[in-house]
Amino acid sequence: NYRFGVMNEHKKNNPNAEKEYRQAIEKNPKHIKAAWRLARLTASKNDPAGAIEILEKLTDGPHSLAIKTFLAYCYNQLGDFERSRALYLEVAEQDHQAGLKSYREVDEVPERFLAASELGALDVTLGNFEEAKRYLEMALEVNDKDFVARNSYAQALRRLGLTEQASAELARLERERVEFDKITILRDKVNQNPNDTEAKIAIGKILFEYESERFGLFWIRSALATDPNCQAAHEFLADYYESKVDENELFRSKAAYHRSRVVQSQPQSADAH
C-alpha cells in the first residue's frame, strides 16, 4: 500500500495516494513513512490540524526530530506560535546530523536545516531578533542557499541596527530575485515546448546556483531525458561529479561517463581555409 501510495503521488493522483497510505496505516498503525506522507498531503490541503492528528502520537523513535519539525510547521500554520516555537527549539538545539538521520527514517533528505531556519523566521515575526540571528546563522552555515533563512536574516540584522550587514544581505537577495524571475519565462518556454533543452538547462543552472543543488540537477538531467546527447547537460554533470570525487569515490565513474559523452570540438587546420 505504501509503495502504491508513492507511485500515485508521483503521478499527481493524490486521492488514490491518500487512500493507499490510510490502508497502510490501518494495517500497521506505526507505519511512519505512510503516516508522514499522508500528513504532508493533508497539510497541503490547508488542513494542518488533520496533519497533526496523524502525527502527534508518533513522536517517539529515531524519526522523532523529523516529526517534531513538521508538527512545529503545522502549529505555526494554526497560529499556535508558542507550541510551534517550543518544537522548533527542541530540534534546532540538536546536532544537525541527528536531524538528517531522523529524516532518513521518513525517506527524505532536506537540504535546509529546517528547524533552525523556520525557528529564526518565527522569531523575527515574534520580535526575538537576537535569537533569530543566532538560529538563522546556524541555518545558513548548513546551507548558504537557504532563501527563507537569508531573507529573515536580513530583517533581523536591520532590526538589530546592523545596517551595513543588512544592506549586503538585501543586495544579495535582490540579485537572486532577478535570477528567480527568469525561471517564470523559462518555465513558459518548457510548457510550450517540452523538448526545449536549452530552457531546461538554464532553469537547472539558476536553481543549482541560488536555491537547491538537488532541484538544479533534476532539471539538468531532464534535459538528458529529452536529448540523451545534450552536450550542455553532459558537460555540467561531468564538472559536477568531478568536483565531488573527494566526497565519494563512486562519483569518479559518473564524471568519466559524462565527460566521455562530451564531444570535443576539433580546431580547424590551416588547410581548411
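The buried residues of helix α2 are A17, E18, E20, Y21, A24 and I25, where buried means under 20% relative accessible area with a 1.4 Å probe on protein chains only. They cover an arc of only 165° around the axis, by the directions from the helix axis to the C-beta atoms, which puts them on the same side of α2. This is a predicted model, in which local features need pLDDT of at least 70, side-chain atom pairs count only at pLDDT 80 or more, and totals for chains, interfaces and linings use all residues. Residues are numbered from 1 along each chain as its sequence is written, and side-chain values use heavy atoms, without hydrogens and water.

**Helix α2**
- The buried residues of α2 pack against α1 (2-10) and α3 (32-44), contact being heavy atoms within 4.5 Å.
- P15, E26 and K27 are exposed (over 50% relative accessible area) on the face of α2 turned away from its buried side.

**Largest cavity**
- The whole structure has 1 cavity of 30 Å³ or more, a cavity being a set of points on a 1 Å grid over the protein atoms alone where a 1.4 Å probe fits but cannot get out.
- The largest cavity has a volume of about 110 Å³, counted as the space filled by probe spheres set on the grid points, which are joined across faces, edges and corners.
- Its lining has 14 residues, those nearest the centre being V91, H96, G99, Y103 and F113; lining residues have an atom within 4 Å of a point.
- Helix α7 gives the largest share of this lining, 4 residues.

Key:
Helices (H or I, at least four residues) and strands (E, at least two) are DSSP runs, numbered from the N terminus. On a 1 Å grid over the protein atoms alone, a cavity is a set of points where a 1.4 Å probe fits but cannot get out, and a pocket is an open set with protein on both sides within 12 Å along at least five of seven lines; lining residues have an atom within 4 Å of a point.
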